[in-house]
Protein chains: 2
Amino acid sequence: METPTTMNELVRFEETLDQLTKDLPVCQVKNALRYALLGAGKRIRPRLIFSFLTKIGEDEFKVAAALEIIHTYSLIHDDLPALDNDDLRRGKPTVHKVYDEAIAILTGDALLNLAFETILFSHLEEKKKILCLQILARNAGLSGMILGQDQDMYPDNFQDSTIRIMYQNKTGKLLGCALALGCVLSDQPQLADQFQNIGENLGIFFQIQDDILEITGDPRLIGKSKDSDLKNEKKTYVAVLGLERAKKELTDLYDHISAQIKTILNDPTRLINLINEIKNRAH
Amino acid sequence: METPTTMNELVRFEETLDQLTKDLPVCQVKNALRYALLGAGKRIRPRLIFSFLTKIGEDEFKVAAALEIIHTYSLIHDDLPALDNDDLRRGKPTVHKVYDEAIAILTGDALLNLAFETILFSHLEEKKKILCLQILARNAGLSGMILGQDQDMYPDNFQDSTIRIMYQNKTGKLLGCALALGCVLSDQPQLADQFQNIGENLGIFFQIQDDILEITGDPRLIGKSKDSDLKNEKKTYVAVLGLERAKKELTDLYDHISAQIKTILNDPTRLINLINEIKNRAH
């Protein structure tokens, strides 16, 4: 079976994150930012980008880093006491636990800014650079991920709010972003919209899986406090539909996603293998 | 005397902020974002940009809006209980007082993202668009304003930390950004670095003035709780150097800034008039 991401790619990706942050001015936010960013996380979004590429250069690593940086900032802010109030993330104490709330807020801000800086100061050709930034900004902002975070906290404020739409925004937008960026970086920008859509479905898939793992999984593997969503009385797919219907929905989504990918791509192996890896995750 | 900014420019600027935010998805963050952004603030940064322009089109208004949006996000996060814990801003209750802390955090995030989106989806020519974004990102991030926020909270962590350096980063970087953007939008990018530096000095000027007004000013005019910095036991210029030396420093900085501007610009009238307006402010 073709490996979705080679070890060498992952090592070079980690080096990119290190390079991008090691020369920042000495300050608490720098320490916190590197604590949160380096050597942790499943790197799913970068790996989704890499699955489109046969050759990954410095600039492609930077675009993938920018997306992972956005994802990391969103976790830091989500974990704050005013939001999800989580003590553990990626198996380590959360940023506001290790530092303090003020540093956690500023660290999130610094990372969001750094994501844009990273692509802006890359050597991508101008048109491609702007397109990557537009895709990133549209998905990360108030029409994307942040809308999902708002919907997650205030589900009653939305006329047509279903958990599915919230998952599509909160998690799906950045996964759609990853696939759309993969299309642009592999010089197939005409496929970006279709893959944006596939990625959004993958986000829904991922969140339903999270809801199921929250009930059935091992907290040491999940890397955050077990039952933390239940503790916060959040609506989850499992709570609303029950475990069996949630599992059925998961299977249907997988079939839909993999069928779509196989229809569009000539060589879908790497992306399908990566999605299978996600499907089979235990945490 | 030539008016630094015409009423018509300010009206069109407010319309730009309204246009940029009115079609965002319906949610709490949208409400909070418009509450913080619209119809308040002195709009100093946009007006600094406008002082370079003889004709202001839609795209120039958008760049100025992006900078004001960044400034507004920084105020919302600065006002949070974990940071400055301020109840009043621009004469109104702060965002976390009207909404809650979670919404205030997400609203700051959404604004920071929106600033980049605004320029990215403008119709500026590609080279100019990227240059504006680079100037914005470099000044707003951890090598700019956020470093200043970190230094403001943890002054003891910096070997060579003086209040002046903190002011230069926290306030100066965005004012430098305004002047540098003015240079780029008026097709004088070769002047951007010099004006970045002038703007950073203007930031130091502005902050020392704030410290003085904090002691001598009327809290109803200042628009935030009087003595809030003293309450938080922050070091201020006045506290460290005394009122008289702070006033002397202010005069010296003004002379330096205005001399520099008059040396560089053929027609410095608008910018000098605006700086005089800042110099003569009572709040």
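**Figure 1. The largest nonpolar core of the predicted model has 157 residues.** A nonpolar core is a set of buried Ala, Val, Leu, Ile, Met, Phe, Trp, Tyr and Cys residues joined through C-beta atoms within 7 Å. A residue counts as buried if 20 or more other C-beta atoms lie within 10 Å of its own, as exposed if 12 or fewer do, and as partly exposed in between, with C-beta atoms placed from the backbone. The residues with the most contacts inside this core are A:L136, A:L181, B:L67, B:L136 and B:L181. Leaving aside residues up to four places away in sequence, B:L67 touches B:R45, B:P46, B:I49, B:L136, B:L174, B:C177, B:A178 and B:L181; contact requires C-beta atoms, placed from the backbone, within 7 Å. This is a predicted model, in which local features need pLDDT of at least 70 and side-chain atom pairs count only at pLDDT 80 or more, while totals for chains, interfaces and linings use all residues. Residues are numbered from 1 along each chain as its sequence is written, and chains are lettered from A and ligands numbered from 1 in the order in which they are written.

**Figure 2. Helix α1 of chain A (residues 7-22) has a buried face.** Helices are DSSP runs (H or I, at least four residues) numbered from the N terminus. The end C-alpha atoms of α1(A) are 22 Å apart, in agreement with the 22 Å that its 16 residues should span at 1.5 Å a residue, the expected span being 1.5 Å times one less than the number of residues. Buried in α1(A) are A:E9, A:F13, A:T16, A:L17, A:L20 and A:T21. Viewed down the axis of α1(A), these buried residues fall within an arc of 110 degrees and so line one face of the helix; the arc is that of the directions from the helix axis to the C-beta atoms. They pack against α2 (28-37), α3 (44-50), α4 (58-79) and α6 (101-120) of chain A. On the other side of α1(A), A:M7, A:N8, A:V11, A:E15 and A:K22 are exposed.

**Figure 3. Helix α7 of chain A comprises residues 126-140.** From first to last C-alpha, this helix of 15 residues reaches 21 Å, close to the 21 Å expected. Among the buried residues of α7(A) are A:L131, A:C132, A:L133, A:I135 and A:L136.

**Figure 4. Chains A and B meet through the same surface.** In the interface, 44 residues of chain A are in contact with 44 residues of chain B. On the side of chain A that touches chain B, α2, α6, α7 and α8 (145-153) each supply at least two residues, and α6(A) gives the most, with 13 residues.

Conventions:
Contact = placed C-beta atoms within 7 Å.
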